[in-house]
Amino acid sequence: MVVETIHQIPLNQTLAEALRASRRILDLPDDWDEEGSPSFRETTWRRATEFVKLAALAFQQRFGVWIEPPRILPGPEGSIDLHWRTAERELLINIPERAENPADYYGTGDAQDAVKGKLNTALPNEWILLWLTR
Amino acid sequence: MADPINHETPPVWAKEPIPDDALLFMRVHKNQLDADGEPFPGAFRNRPQSTDGMSTDWKKYSSPEACRNRARNPHDNAVIQLKVEDVRQIPEQTVVHTPIYQPDAEPPNINRAHTDVYGEKDAEVRLKLMRIYRMVIRQKELV
């Protein structure tokens, strides 16, 4: 079922619903953790969800399958975390509040199997989803 | 001789070295817990700025319940435990005893157990902290 499109190409229902539901993060007020953390900016949420769409779409076009949606979670200092877990691997991508800063990522399987670095979220970076699902 | 009741005379709480086998307690607010009551990666962060430390309580001077009860709304928090040796094995993380004595703060902030975990909490550090914590008080157990 087609529920949302990006660049006129449909997303699958599971992914679209997860992205839509993640908007709840914007309902958290200032001091949402009672430790002084700030609320989340719509621009940060849009950057996070647009990146998921871009990466998932590129992955689907290249490999023919849709990636499972990540958990889209409140992160430190107004940032948003994208968190995937599979049976073998785990990946955390942090979308910072400051739009000019790149995303920080770390993925791990076992001690000899880890990836770490910065991502330009304007690019699909589908390679990282390939790493996650390999 | 210092008057123990006079708050103008701070108590002598030396910063003590914390051994590797020590345990730390940390509150996790319900907004940082998933449906199973487990913390999100975002629960592991420095407060309030990234240059500060991650706030914990040393077991030598605190219990899990005392750690929970320092929250504004204790029942909104779970408490997890971290072993100092495991924390120190994570890149660039240092564990430093930082007791607090601020009787004139509103509310007063007095905590001999207070311990900071310094070091940037990037994605690698937070995922590694996710792998070493142990839950000691679940948030829903408190209601």
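**Briefing: chains A and B**

Helix H2 of chain A, residues 42–63, has 22 residues. From first C-alpha to last, H2 of chain A reaches 31 Å, close to the 32 Å expected at 1.5 Å a residue. The model is predicted. Chain B has three helices and eight strands, and 24 of its residues are in contact with 26 residues of chain A.

**Chain A: helices H1 and H2**

- A:Gly64 follows H2 of chain A. The phi of A:Gly64 is positive, near 80°.
- A:Leu15 lies in helix H1 of chain A, which covers residues 13–21.
- A:Leu15 counts as buried because its relative accessibility is 0%, and buried means under 20%.
- Leaving aside residues up to four places away in sequence, A:Leu15 touches A:Val52, A:Ala56, A:Trp66 and A:Pro69.
- A:Leu15 and A:Trp66 are 51 residues apart in sequence. In space, their C-alpha atoms are 8.3 Å apart.

**Chain B: overall build**

- Along the sequence, chain B follows the pattern β-β-α-β-α-β-β-β-β-α-β.
- Chain B has 143 residues, and 50% of them are buried.
- Take the contacts in chain B between residues at least 6 apart in sequence: 73% of these join residues at least 24 apart.
- Chain B exposes about 7,400 Å². Carbon and sulfur atoms supply 49% of that area.

**Chain B: the sheet**

- Six strands of chain B form an open sheet in the order E4-E7-E2-E1-E3-E8. The pairing is antiparallel.
- Strand E4 (94–97) and strand E8 (134–137) of chain B are the edge strands. Each of these pairs on one side only.
- Neighbouring strands of this sheet are turned by 40° against each other on average, direction ignored.
- Strand E1 (residues 23–29) and strand E3 (residues 77–83) of chain B run antiparallel, joined by seven bridges.
- B:Arg27 has B:Val79, in E3 of chain B, as its bridge partner.

**Where the chains meet**

- The size of an interface is often given as the accessible area lost when the parts come together.
- Chain B and chain A bury about 2,200 Å² between them. Carbon and sulfur atoms account for 49% of this buried area.
- B:Arg72, B:Leu127 and B:Arg131 supply 23% of the area that chain B buries against chain A. That is more than any other three residues supply.

Conventions. Residues numbered from 1 in each chain as written. Chains lettered and ligands numbered in written order. Predicted model: local features only at pLDDT ≥ 70, side-chain atom pairs only at ≥ 80, totals over all residues. Heavy atoms only, no water. Helix = DSSP H or I, 4+ residues; strand = E, 2+ residues; numbered from the N terminus. Buried < 20%, exposed > 50% of the residue type's maximum accessible area, 1.4 Å probe, protein only. Contact = heavy atoms within 4.5 Å. Areas by Shrake-Rupley, 256 points an atom, 1.4 Å probe, with all protein chains shown as cover. Expected span 1.5 Å × (residues − 1). Pairing = 2+ DSSP bridges. Axes fitted to C-alpha atoms, helices over the stretch in contact; angles between N-to-C directions. Buried area = accessible area lost by both parts, 1.4 Å probe.
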